[in-house]
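Student: I would like to go through this model term by term. Please set each value against its definition.

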Amino acid sequence: MDESLSEWLRRRESADAVARSSAVTRAAVDALPGGEALRILDLATGRGSNIRFLAGRLPGPQQWLAVDRSPALLDSLREVMTAWGEARGCRVRNEASRYGIRGVDMACDIETREVDLGRLDRDEIFVGRHLVTASALLDLVSESWLQALAARCRDVGAVGLFTITYNGRCACVPAEPEDDMVRDLMNLHQKGDKGLGGPAAGPDASACAERSFLDVGYRVRREPSDWVLTSEDADVQRTLIEGWAEAATEMGPDRGSVISDWRARRLAHVDAGRSRLTVGHDDLAAWPTRG
Ligand SMILES: C[S@@+](CC[C@H](N)C(=O)[O-])C[C@H]1O[C@@H](n2cnc3c(N)ncnc32)[C@H](O)[C@@H]1O
């Protein structure tokens, strides 16, 4: 399970990086305080793609706390970050769950910690944080989890940056007659309980997060961060089509054979290099109104 998730996170990392909204990243960066090392919390960090994206875009020295429930993913985060730092000519110091990456324009200390985020009741991970961030997480969590997240950020005055949240919109080219039916079943599946505070907000997560932060008095900027996957992203497309077919069949078992035919046709489009999938995501920055 961890191995296939790790492979999926590896495959999607560049698609995520291309899709992310630079305006939303900028809004979060502009709201951060200056003058001291930034203390950042990366929730459900996986193998750390959010850290690799942000490290060069956030100012000054950075102290990261990267949490996830999966020790295997945290191990691979350490390996991937080490290789990433070395490829940039940085000195990498590696001591079990704490390590540092030092380069001409980078000074990051990263601590990894195994944490189950099912309940957002671990005060200590939030205390003192300037930035709380997560990538590809919010659609997995419940509405009450999002409200708790906004309250946690407000309690410590942290800026929030939450990216690549699936918003329920997908478009497939060339079109197949069952595309919308599969998408609707898959969106229903997205609302199942993922162990993060109850039934997931799924496609509504981004709007829900926006409301939650506005309710605690934050300002919010939300922009699209869609994947537009072409023949260059054939592996990501194949994994998505397999995943959509599986989720749709789970929700509509009586339509299993129709979905299986749909899957075969969609995969044939990918193999022929003519498939293009657009997957809707949102990025959101939220920051306290100061003064
Ligand atoms: C879609 S992945 C995103 C990973 C990473 N942020 C990225 O963008 O590559 C979701 C992550 O949530 C983590 N996760 C799921 N449920 C969790 C829980 N209850 N507590 C902590 N982490 C959890 C998974 O282990 C996985 O790393």
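Tutor: Start with handedness. A crossing is left-handed if the near helix is turned anticlockwise from the far one by less than a right angle, and right-handed if clockwise. Helix 6 crosses helix 8 in the right-handed sense. This is a predicted model: local features need pLDDT of at least 70, side-chain atom pairs count only at pLDDT 80 or more, and totals for chains, interfaces and linings use all residues. Residues are numbered from 1 along each chain as its sequence is written.

Student: Which residues of helix 6 and helix 8 make the contact?

Tutor: Glu143, Leu146, Gln147, Leu149 and Ala150 of helix 6 meet Ala205, Cys208, Ala209, Ser212, Phe213 and Asp215 of helix 8. Contact here requires C-beta atoms, placed from the backbone, within 7 Å.

Student: At what angle do helix 6 and helix 8 pack?

Tutor: About 40 degrees, with the axes of helix 6 and helix 8 9 Å apart. Axes are lines fitted to C-alpha atoms over the stretch in contact, and angles run from 0 to 180 degrees between N-to-C directions.

Student: Why is leucine 5 called partly exposed?

Tutor: Buried needs 20 or more other C-beta atoms within 10 Å, exposed 12 or fewer, and partly exposed lies in between; C-beta atoms are placed from the backbone. Leucine 5 has 15, so it is partly exposed. Leucine 5 sits in helix 1 (residues 2-19).

Methods: Helices (H or I, at least four residues) and strands (E, at least two) are DSSP runs, numbered from the N terminus. Two residues are in contact if their C-beta atoms, placed from the backbone, lie within 7 Å.
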